[in-house]
Each structure stands twice: as C-alpha cells, then as structure tokens.
Amino acid sequence: MTNGEHAITDAAAGTDVDWDAAAADFDAEPDHGLRDPEVRRAWASRLRSWLPERACDVLDLGSGTGSLSLLAAEQGHRVTGVDRSPAMVDLARAKQAGRDAAFLVGDAAAPPVGEERFDVVLVRHVLWALPDPGRVLRHWRGLLRPKGRFVLVEGVWGTTAPTVGIPADRLTALLAPLAGALRVEHLSGDARLWGRAVDDERYAAVAVVA
C-alpha cells in the first residue's frame, strides 16, 4: 500500500493498483511530489508541528516516493520508510541520497523492522485501506517507544457516494485505548496542502501513546 489520491480513486472504482507501474507519474499530484514550493512549505510546516522538536526516529509507513520522509529528514529526523512497491522505494532512495534515511520493501501493516523501535509512526492515506485498522494500530503501537506518537493523515474522500476513507471520529475511537493524549487537526480548509481547494474530510490525528 502507498499513499495518495490515486489510491483513493482506484479503490473507489474497485480496481487493483499496480504501484510499480504508477510510480513514474506518482509525484505529478501536488501533495505527492511536493514540487510546488507553496505546497512543500505547507506540508513542511504541518509536519514540523506534528513531530517532536528533538531529532528522533520516524517510521514512515506506505512511504511512496518518500516526499514526507524527505521533509522529516530535512528537519533533522532519522527516517525509515516502508512501501510494498520496489519502484516507489527506488524513487524514495534517490530522493534521499545523502540523508539519514533508509527505505525497505514491505507491508505497511506489518513492516519488516525486526526489533527496532521508533519515536514516531507516520502514515498518510494508508490506514483506511488496510483490513482491520484497529488490529493494525495495535501492531504499530508495539513499534513505538514509550511516549512515542502516531501521526496519521487520513480522511474521507469525495462528498457523494461512493466515498472511501476513515472518518475522524472512527479513527479517534480506535486510537483512544492506545493514546494518553490525542488531537485532531482538520486539513480540508488549507488548499495549500492539496494544490487546490477541497471540500471533503481530510485531517491529521496526532496521538501520544499511553
């Protein structure tokens, strides 16, 4: 699984995505490639507010071509990205050349990180598409160090049926047993993040584990 609105569109259409084939054009979406300076600054600002101020270990699951990983690395964090697409991972590695980041091919739901533990699990537009998100969150909780945090960017895409995604109230209910502190930041009103105005539900849930 990888992140982004292509996944949303294809899932709503009931199709399977060939992520290796999609990799070459994936960054054309403004919020994927972050090529527009205003979009990039908007995501960098949000990410800085979600991540700890001190340098920490970030696990970016469904990392795609590594755009969020790159922002985190530029802010001084050590990043491990996981994506099931080898082509996406190759592009992410090229972006991160010379930075403190590593990328693995694997399943975001059960990342191949062994006994390694992290300060942050960062996930964008992935959890909604995984079977049994509650079970997945519990597994991810086990990958966090004490006082670690989830940074989950999710939403419900589309305003008319069929819509896909996970509403904020459902995600907060799933996180509540795992988190000592939890906040939801609504993102739909910030057109800079998406490169255009949007009117569906988009948000970030930031939760410090109990």
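Select W43 and W194: both are buried, a term that denotes under 20% relative accessible area, with exposed meaning over 50% and partly exposed in between (1.4 Å probe, protein chains only). The two residues form an edge-to-face aromatic pair, with 5.4 Å from centre to centre and 90° between the planes. Rings of Phe, Tyr and Trp (its six-membered ring) count as a pair if their centres lie within 6.5 Å; planes under 30 degrees apart are stacked, over 60 edge-to-face and the rest tilted. W43 belongs to helix α4 and W194 to helix α9 (residues 191-194), so that the pair links distant parts of the chain, 151 residues apart. Helices (H or I, at least four residues) and strands (E, at least two) are DSSP runs, numbered from the N terminus.

The model is predicted: local features need pLDDT of at least 70, side-chain atom pairs count only at pLDDT 80 or more, and totals for chains, interfaces and linings use all residues. Residues are numbered from 1 along each chain as its sequence is written, and side-chain values use heavy atoms, with hydrogens and water left out.

The relative accessible area is 0% for W43 and 1% for W50.

Which residue places its charged end over the ring of W43? Select R124, whose charged end sits 4.7 Å from the ring centre. R202 lies over the face of W194, at 4.6 Å from the ring centre. A charge sits over a ring if NZ of Lys or CZ of Arg is within 6 Å of the ring centre and within 35 degrees of the ring normal.

Next, remain on helix α4 (residues 37-50) and select R46, which is paired across 139 residues with E185 of strand β7 (residues 179-186). R46 and E185 form a salt bridge with closest N and O atoms 2.5 Å apart, and both residues are buried. A salt bridge is a side-chain nitrogen of Lys or Arg within 4 Å of a carboxyl oxygen of Asp or Glu. The whole structure holds 14 salt bridges.

Now select D27 and K95, a salt bridge with its closest N and O atoms 2.9 Å apart. D27 lies in the loop between α2 and α3 (30-33) and K95 in helix α6, so the pair ties together parts that are 68 residues apart in sequence. D27 counts as buried at 11% relative accessibility, whereas K95 counts as partly exposed at 27%.

Select the rest of helix α6 (residues 86-95), whose buried residues are M88, V89 and A92. Seen down the axis of α6, these residues fall within an arc of 100° and so line one face of the helix; the arc is that of the directions from the helix axis to the C-beta atoms. Their cover includes α2 (19-26), β2 (78-83) and β3 (101-105).

Finally, select D119 in strand β4 (residues 118-124), which counts as buried at 8% relative accessibility. The side chains of D119 and R145 are joined by a polar contact of 3.0 Å.

Methods. Contact means heavy atoms within 4.5 Å. A polar contact is a pair of N or O atoms within 3.5 Å; within protein, one must be able to donate a hydrogen and the other to accept it, and residues adjacent in sequence count only if both atoms are side-chain atoms.
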